[in-house]
Amino acid sequence: ARKPINLAAAMDAPEVCTPPTDFFVRTELPDGFPPEAAADNWLIRVSDRLGDRQVGVSELQHMHQSDATSVMECSGNGLAFAFGLLSCGQWRGVPIDQVA
C-alpha cells in the first residue's frame, strides 16, 4: 500500500507568509494530486437554505475578488512544531457570500 503524502512547511521561514513552494501538503491520495484538469470544466456547488447553485470558473472570473491573508492548519495537526502542518498564505478569490 502506498503512503499518504506529507510535505511540511519550514518553521524557520524569514517572512510571515509561507511562499507557495513551501506550503504544507497533506493528502490521503496515494499518488498525490490528480493531473491538472481543464479549469473550464470545474464547478463549485453552494448549498444553503435557499437551495443549490452551481458556478463555473468563467463566471467566477467575472465576479469581484477580494484579498485575504490567513493561516491554514491541518485539522489532524497535533505536533505543529515537529511537522510544520500549518502555513500562512495570501489568497485572492470570490467571497462565498457573492457565490451563494
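Which strand is valine 46 found in? A few notes on this one, starting there.

1. **Ground rules.** This is a predicted model, so bear in mind that local features need pLDDT of at least 70 and side-chain atom pairs count only at pLDDT 80 or more, while totals for chains, interfaces and linings use all residues. Residues are numbered from 1 along each chain as its sequence is written, and side-chain values use heavy atoms, with hydrogens and water left out.

2. **Valine 46.** The answer to the opening question is strand 3; strands here are DSSP runs of E with at least two residues, helices are runs of H or I with at least four residues, and both are numbered from the N terminus. Valine 46 counts as buried because its relative accessibility is 10%. For that label, buried means under 20% relative accessible area, exposed means over 50%, and partly exposed is in between, with a 1.4 Å probe and protein chains only. Leaving aside residues up to four places away in sequence, valine 46 touches Gly51, Asp52, Arg53, Ile96, Val99 and Ala100, where contact means heavy atoms within 4.5 Å. Take isoleucine 96: it sits 50 residues from valine 46 in sequence, with 8.5 Å between their C-alpha atoms.

3. **The overall layout.** The protein chain has 3 helices and 6 strands. Read from the N terminus, the order of elements is β-β-β-β-α-β-α-β-α. Of the 100 residues in the protein chain, 22% are buried. Among contacts between residues at least 6 apart in sequence, 53% join residues at least 24 apart. The accessible surface of the protein chain is about 7,900 Å², and 56% of that belongs to carbon and sulfur atoms; areas come from the Shrake-Rupley method with a 1.4 Å probe, and for residues only the protein chains shown count as cover.

4. **The strand 3 and strand 4 hairpin.** Strand 3 (residues 43-48) and strand 4 (residues 51-56) run antiparallel and are joined by 6 bridges; two strands pair if DSSP finds at least two bridges between them. The hairpin between strand 3 and strand 4 goes through 2 residues. For a landmark, look at isoleucine 44, which stands opposite valine 55 in strand 4.

5. **Salt bridges.** How many salt bridges does a search of the whole structure find? It finds 3, counting a side-chain nitrogen of Lys or Arg within 4 Å of a carboxyl oxygen of Asp or Glu. As background, side chains of opposite charge can pair when their charged atoms come close. One of these bridges is between arginine 45 and aspartate 52, at 3.4 Å from N to O. Arginine 45 is exposed, with a relative accessible area of 54%, and aspartate 52 counts as exposed at 56%. Glutamate 59 and arginine 53 also meet in a salt bridge, at 2.7 Å from N to O. Here glutamate 59 counts as partly exposed at 33% relative accessibility, and arginine 53 is partly exposed at 30%.

6. **A link between strands 5 and 6.** Aspartate 67 forms a salt bridge with arginine 92, with the closest N and O atoms 2.7 Å apart. Aspartate 67 lies in strand 5 (residues 66-73) and arginine 92 in strand 6, so this pair ties together parts that are 25 residues apart in sequence. Both aspartate 67 and arginine 92 are exposed.

7. **The aromatic pair.** The structure holds 1 aromatic pair. Its members are phenylalanine 23 and tryptophan 91, whose ring centres are 5.6 Å apart and whose planes stand at 90°, so the pair is edge-to-face. The pair links distant parts of the chain, 68 residues apart: phenylalanine 23 is in the loop between strand 1 (5-7) and strand 2 (25-27), and tryptophan 91 is in strand 6 (residues 86-93). The criteria: rings of Phe, Tyr and Trp (its six-membered ring) pair if their centres lie within 6.5 Å, and planes under 30 degrees apart count as stacked, over 60 as edge-to-face and the rest as tilted. Phenylalanine 23 counts as buried at 18% relative accessibility, whereas tryptophan 91 is partly exposed at 39%.

8. **Cysteines.** There are 0 disulfides in the structure, a disulfide being a pair of cysteine sulfur atoms within 2.5 Å. For cysteine 17, the nearest cysteine sulfur is that of cysteine 88, 3.6 Å away. Cysteine 17 is buried at 17% relative accessible area, and cysteine 74 is buried at 16%.
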